[in-house]
Amino acid sequence: MLKKFFILVLITTIHSALLAQTATPTLQKTHYTCVIHPEVMQDHPGNCPKCGMELVPVEEQKKRPTHNAQHPTPNGEAVHHIDHSGHSSQSGNSGQLTQPAMHHHDHHAGGEHMRHEMKMQSSVNLTDPMTREGSGTSWLPDSSPVYGRMFMFGDNMLMLHGAIFPRYTNVSTRRGDDRIDAPNWIMGMFSHPFGETAQLGVRLMMSLDPLTEGGRGYPLLFQSGETWHDQPLHDRQHPHDLFSELSLSYSQKFTEDFSGYIYFGYPGEPALGPPTFMHRISAMDDPDAPIGHHWQDSSHVTFGVATAGLVWRTIKIEGSVFTGREPDEDRYDFDEARFDSASGRISWNPTPDLALQFSHGYLKSPEASEPTAKRHRTTASIIYNKALGHDTNWATTFAWGQNDDTHEGKTQSFLLESDYQRGRDTFYTRLERVEKSGHELVLRGSDEEKIFPIFAASFGYVHDFTHGDGFDVGLGAQFTIDDRPDDLSRYYGDDIGYGFQVFLRIRPSIHQHHEMQRAMK
């Protein structure tokens, strides 16, 4: 059924693209701005995120008396599209684009500015703002800040993202461990426009986890999923593959409100689950993966993905066919593409601060240790992001995931995480409840068939020593406490389960308007 759904979406997308290519009129994009805050510019109606006033079309705004002062061009739109959180409103030498400065740059108006504005779109679908782009084809709230460095090559855009966490981590109980390691990832997103109605996108994501984490991965109490030396991993987070995404996408704008895209990844991420944890603003400062990762967003490294999607304004429906098997133990190779599984997802961003999704997928033989097992995964999530002022942002995610496995039945996971950043200081937390079987935790005897509810709560803080100057380098600490049923004491001991770590968090700074100006020169 899911494969038929994917084929239907794919046929509709290709048919609409062909019709759009044969259309003769050039689509003119309507932009909306605020009469009080003209630096706010977006491509759909709504309210000003600064004062709450209803946005008006640019054409209507231009008809108003100006007393010889020209109105801001779409260059101002790039300010707000890059960072809806308000970080673009800077002071001093930080690159604030003041009203006189916009007057000075008005000689660039027209086609040049429109071409620059197009650079600020998602690499997957040209009608989506870059701030909406999550992992794979998933959506974040439109108001999300973008941590990255942008480079312009004529009409082409390259955006680089990434993070590394050099750290010392210590996990208690008999199954715990301590070590020095450095979870990490780096990603490049490239886009090339074909006129104003089509775009080609390429993405590459890599991780040096195979070197920094080794084959067993890092200690994480009650984590499960994947194997090492043909044995299931438990109480460890597996390393990610050297190549975590290598994808190609093509998007087509049919009308002002309607667009579609196709996406191929080897590896890539199917339309299943919320944005992967390292791409969520609410989780970006936490070095650890959620222990519900394999209930919610573990399919982000899938060797063989084909996705087709249709977007109408802020609603998206998409379907994927993909390889159900998780990556093997060789983290440097490219696994066999099987295309034996399927998924579908509905996403909706009702406001710039909200992103909602519901998805379901069928995964054939996800674990190499159980080749005959099948899994049905259902997920739902709500992501909220709110700019609270200059250089202040609050992001929160609630995610639910359910696995229905051949031999274990239904198990569920719940996650609530939040990240509050104000200037150089960030406070974050993650709360989880996950149902894990004795089989997942590699228990013995009759315990293997039981289901155990696991609770985990993490609290962390990061202080940036360098902030907003290209790279944010912060010193952080995190404490995690776990709760488990008494039946597990024979495996974990009687001690309280906890984890403690001290780390550096190194990543690109929030993309600012003055960085965009440099990239365009």
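Predicted model: local features only at pLDDT ≥ 70, side-chain atom pairs only at ≥ 80, totals over all residues.
Biologist: Where does Glu226 lie, and what is its phi?
Modeller: Glu226 lies in strand 10, residues 218-228. Its phi is near 70°, a positive value in a residue other than glycine.

Biologist: Where is the place of His229, and what is its phi?
Modeller: His229 is in the loop between strand 10 and strand 11 (231-237). Phi of His229 is near 55°, again a positive value in a residue other than glycine.

Biologist: How do you know that strand 1 and strand 2 pair?
Modeller: Pairing needs at least two bridges. Strand 1 (residues 32-33) is joined to strand 2 by 2 bridges, so the two strands pair, and they run antiparallel. Tyr32 stands opposite Gln42 in strand 2.

Biologist: What makes strand 2 and strand 3 edge strands?
Modeller: The open sheet has 3 strands in the order 2-1-3, with antiparallel pairing. Strand 2 (41-42) and strand 3 (56-57) each pair on one side only.

Biologist: Which residues does the cis peptide bond join, and what is omega there?
Modeller: The bond joins Tyr266 and Pro267, and omega is about 0°. Pro267 is in the loop between strand 13 (258-265) and helix 7 (293-296).

Definitions and conventions
Residues numbered from 1 in each chain as written. Heavy atoms only, no water. Helix = DSSP H or I, 4+ residues; strand = E, 2+ residues; numbered from the N terminus.
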